[in-house]
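Subject: Structure handover

Hello,

Here is the structure I promised to pass on. Please open it next to this email. My notes follow below.

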Amino acid sequence: LKRGDKTKDIPLLPSDIVFIPRMYERKFSVMGEVKKPGTYELNKEKQTRVMEAIATAGDFTDKALKNGTRVIRIKFGKKEIIPIKITDIIKKGDKTKDIVIQPDDIIFIPESFW
């Protein structure tokens with residue numbers, strides 16, 4: 001933007017998400033098939049994990065593809081997509097899959113088509 005370099009201006013496609021994080025804030029976003037999608041404050045007292053973050057956003061909708069959940073994280077300037085197996089957390093009790101949310105993480109829950 002500062003240099004007017006139009007080669008960095010990419011066209012958006014349907015279903016694209018543009019996320020502009022605010023610097024130095026401890027927030028995360030939950031998008032997609034939750035009852036209250038939005039941006040939320042990370043807990044300062046303890047770590048926030050995926051399931052708690054989804055609960056903060058009102059839990060899954062009836063249309064949610066729970067095992068399609070993923071965390072989108074920017075790490076060292078590159079996008080990292082972390083798939084989350086919700087059934088492993090809920091049904092198998094595998095707490096290692098309930099990862100800690102970091103500032104600016106986006107939790108995305110897609111819609112199930114079945």
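Which residues does Val34 touch, not counting residues up to four places away in sequence? They are Ile54, Ala57, Asp59, Phe60, Thr61 and Ile109. Bear in mind that this is a predicted model.

Some background on Val34. The residue sits in the loop between strand 1 (27-32) and strand 2 (38-41). Val34 is buried because its relative accessible area is 4%, and the cut-off for buried is under 20%. Gly4 lies 30 residues from Val34 in sequence. In space, the two are 38 Å apart, C-alpha to C-alpha.

Five of them form an open sheet, and their order is 2-1-5-3-4. The pairing is mixed. Strand 2 and strand 4 are the edges, each pairing on one side only. On average, neighbouring strands of the sheet are turned by 25° against each other, direction ignored.

Here are three of the pairings:

- Strand 1 with strand 5: parallel, over four bridges. Gly32 has Ile109 as its bridge partner in strand 5.
- Strand 3 with strand 5 (residues 106-109): antiparallel, over three bridges. Here Val71 stands opposite Ile107.
- Strand 3 (residues 70-75) with strand 4 (residues 78-83): antiparallel, joined by six bridges. Arg70 has Pro83 as its bridge partner in strand 4.

The hairpin and two phi values

Strand 3 and strand 4 form a hairpin, with two residues between them. Phe76 is in the turn. Is Phe76 buried or exposed? Phe76 counts as exposed, because its relative accessibility is 81% and the cut-off for exposed is over 50%.

Look at the backbone there too. Most residues other than glycine have a negative phi. Phe76 is not a glycine, yet its phi is positive, at about 55°.

Asp59 also has a positive phi, near 80°, and is a residue other than glycine. Its place is the loop between helix 1 and strand 3. Asp59 is partly exposed, with a relative accessible area of 38%. As noted above, Asp59 is one of the residues that Val34 touches.

The core

Next, the inside. How many residues does the largest nonpolar core have? The answer is 20, and Val30 and Ile107 have the most contacts inside this core. Strand 1, helix 1 (50-56), helix 2 and strand 5 each supply at least two of its residues. Helix 1 gives the largest share, three residues.

Ile107 is worth a click. Leave aside its neighbours within four places in sequence, and Ile107 is in contact with Phe28, Ser29, Val30, Met31, Ala53, Ile54, Thr69, Arg70, Val71 and Ile101.

A buried aspartate

Last stop: Asp88, in helix 2 (residues 86-90). Why does Asp88 count as buried? Because its relative accessibility is 11%, and buried means under 20%. Its side chain makes a polar contact with the side chain of Lys97, at 3.2 Å. Not counting residues up to four places away in sequence, Asp88 touches Gly93, Asp94 and Lys97.

Over to you.

Best wishes

Technical notes
Residues are numbered from 1 along each chain as its sequence is written. This is a predicted model: local features need pLDDT of at least 70, side-chain atom pairs count only at pLDDT 80 or more; totals for chains, interfaces and linings use all residues. Side-chain values use heavy atoms; hydrogens and water are left out. Two strands pair if DSSP finds at least two bridges between them. Buried means under 20% relative accessible area, exposed over 50%, partly exposed in between (1.4 Å probe, protein chains only). A polar contact is a pair of N or O atoms within 3.5 Å; within protein, one must be able to donate a hydrogen and the other to accept it, and residues adjacent in sequence count only if both atoms are side-chain atoms. Contact means heavy atoms within 4.5 Å. Axes are lines fitted to C-alpha atoms, for helices over the stretch in contact, and angles run from 0 to 180 degrees between N-to-C directions. A nonpolar core is a set of buried Ala, Val, Leu, Ile, Met, Phe, Trp, Tyr and Cys residues joined through side-chain atoms within 4.5 Å.
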